[in-house]
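Hello,

Here is the structure I promised to pass on to you. Have a look at it first, and my notes follow below.

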Amino acid sequence: MSSQAVEVEILGKLTRVNCPAGQEEALLQAAKRLNDRLRDMTDKTKVTNEVHLLTIAALNFCYDLETRDSSTNEQLELQQQLNERMEKLSTSLDDALSKVQPGKPSPLA
């Protein structure tokens, strides 16, 4: 897969980064998101040290990913439990239906 250099601007500084072909727009959007977050942090905290800002932003992004991953895992576990319950219900229904004799009313009716 080929890549090309793309220029992004973060905190007023241009940086060239290699990017897989076809992913340039996603990279530019990511750079804009990072730059916006850094600007917001600068306004809210009055911290101007770029290394400090970048460290805090990186920690915030990692925290967001961790909480999203945790939420996704919880959703997967709930989905698995639901699937198991549905399977048990389906088995119970199949079992009950197999006991119904054709032409006779169901004991459930």
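Which side chain does Glu50 meet in a salt bridge? The partner is Lys13, with 3.0 Å from N to O; a salt bridge here is a side-chain nitrogen of Lys or Arg within 4 Å of a carboxyl oxygen of Asp or Glu.

Before the rest, a word on the model. It is a predicted one, in which local features need pLDDT of at least 70 and side-chain atom pairs count only at pLDDT 80 or more, while totals for chains, interfaces and linings use all residues. Residues are numbered from 1 along each chain as its sequence is written, and side-chain values use heavy atoms, with hydrogens and water left out.

The chain splits into domain 1 (1-44) and domain 2 (48-96), with bounds from an automatic or database domain assignment. Their centres, taken over C-alpha atoms, are 28 Å apart. Eight residues from domain 1 and eight residues from domain 2 make the contact (heavy atoms within 4.5 Å).

Between them, domain 1 and domain 2 bury about 830 Å², and carbon and sulfur atoms give 72% of that area. Buried area is the accessible area (1.4 Å probe) that two parts lose on being put together, summed over both. On the domain 1 side, Leu11, Arg37 and Met41 lose the most area to domain 2, together 53% of what that side buries.

As for charges, the rule finds two salt bridges across the interface of domain 1 and domain 2.

Best wishes
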